[in-house]
Amino acid sequence: MTKRNHVLVVYANKSSFVSQDIDALSEKNEVTEYHFGSKKGFSQFIAQLKFLWFLTKNIYSYNLVFCWFADYHCLLPSILKSLITKKYIVAIGGFDAVSIPQLNYGGHRSKIRSAIIKYTCNRADLLICSSKYIGDTLIETIGKSELKSKIKVAYPGINCFENNSSNITCYKAIYVAAGSTIDRMKIKGVDRFLEIVKASENDQFILIGPDKDALRWVKNQALNNLELISSIERSALAEYYQKSQFICLFSRFEAFGMVLLEGICEGCIPITLENIGTKEILQFKNAPGLTISDFDLQKVLHFLRSKNPEKEDRSLQVKRNREYLAKYFGVDERAKYLSNFIAN
């Protein structure tokens, strides 16, 4: 019987991306999860002490430490790596690769946080990035071109929803962007989507995700042709993708763009930008949809009005799109790379 490796996965919050990697690693390894949490001030100090106690007792039990996002929870594993021989992987998420002061976004806006991220990246044996765009952004932000040899691009895999597709469409386009602040909505490009809605009074659109201040901000636009949904289970998104002809994503910063993949999976025609991570979703031959170099309202409107998806059988469109996704974004590809790295 093959001996199973013991893997420690450390994360601040358990997003769907984190869960996907944990599930993949658990198939062939013994996985222990450590939820560090998002802490500030004195709570951060206490969290570090608790984590130090945990590592002191348990670190020698693991063959691999895998941290999701380079942040405060990576500090102790990075330091301890110099004391013991362990494989150390850090998955770069996006926030940890960038600084956008004008939108109050990015881990490198704080000098202390930035220093920890840089130290973490230097200590890691492998930096997993969800797109080439994120790897390039990380190198540019921290000014360390030698990190390039540590970076591996491994796209998050897509598991298509099991719901049956429908030929009945209710919305010209769907936009999915979770967040509770206006700055978050602008990072996600929701203001750009609202321009399209305003210019298309005869079409119906849907926006899913805004909450609290962000939701009030969108409602203040008073757009009668926009349906708004705040909180929704991820599995329930399939129904709205299926009812939409197009899916748009115009973020000012986007590490990858899983919602775009989900929309394509359900037969939506994607429209996105070339200067963010979503470009790589549509970079392959015969990929569906449109990418534009910068947001251009007239170009988007022309594409929306000139293409008529209803002429096609939606089920055939879904089949074609899912074949494309399986080829380039199969859920097993990232899992295989992680397993091979652990084994070698």
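Tutor: Start with Arg 252. This is a predicted model, and in it Arg 252 is partly exposed, at 32% relative accessible area. Its side chain meets that of Asp 191 in a salt bridge, 2.9 Å from N to O. Arg 252 sits in the loop between strand S10 (244-249) and helix H10 (258-265), while Asp 191 belongs to helix H7 (residues 190-198), so the pair ties together parts 61 residues apart in sequence. Asp 191 is buried: its relative accessible area is 18%, and the cut-off for buried is under 20%.

Next, Lys 81 and Asp 125. Their side chains form a salt bridge at 3.4 Å, N to O. Lys 81 lies in the loop between helix H3 (75-80) and S4, and Asp 125 in the loop between helix H4 (111-123) and S5; the pair therefore ties together parts that are 44 residues apart in sequence. Asp 125 is partly exposed, with a relative accessible area of 33%. The strands named here also pair. S4 (residues 87-92) and S5 (residues 126-129) run parallel over four bridges. In S5, Leu 126 is the bridge partner of Ile 89.

Then a local pair. Asp 213 forms a salt bridge with Arg 216, with the closest N and O atoms 2.3 Å apart. Both lie in helix H8 (residues 212-219), three residues apart, about one turn of the helix. Asp 213 is partly exposed at 43% relative accessible area. Arg 216 is partly exposed too, at 49%.

These pairs are among the 11 salt bridges counted.

Methods: Residues are numbered from 1 along each chain as its sequence is written. This is a predicted model: local features need pLDDT of at least 70, side-chain atom pairs count only at pLDDT 80 or more; totals for chains, interfaces and linings use all residues. Side-chain values use heavy atoms; hydrogens and water are left out. Two strands pair if DSSP finds at least two bridges between them. Helices (H or I, at least four residues) and strands (E, at least two) are DSSP runs, numbered from the N terminus. A salt bridge is a side-chain nitrogen of Lys or Arg within 4 Å of a carboxyl oxygen of Asp or Glu. Buried means under 20% relative accessible area, exposed over 50%, partly exposed in between (1.4 Å probe, protein chains only).
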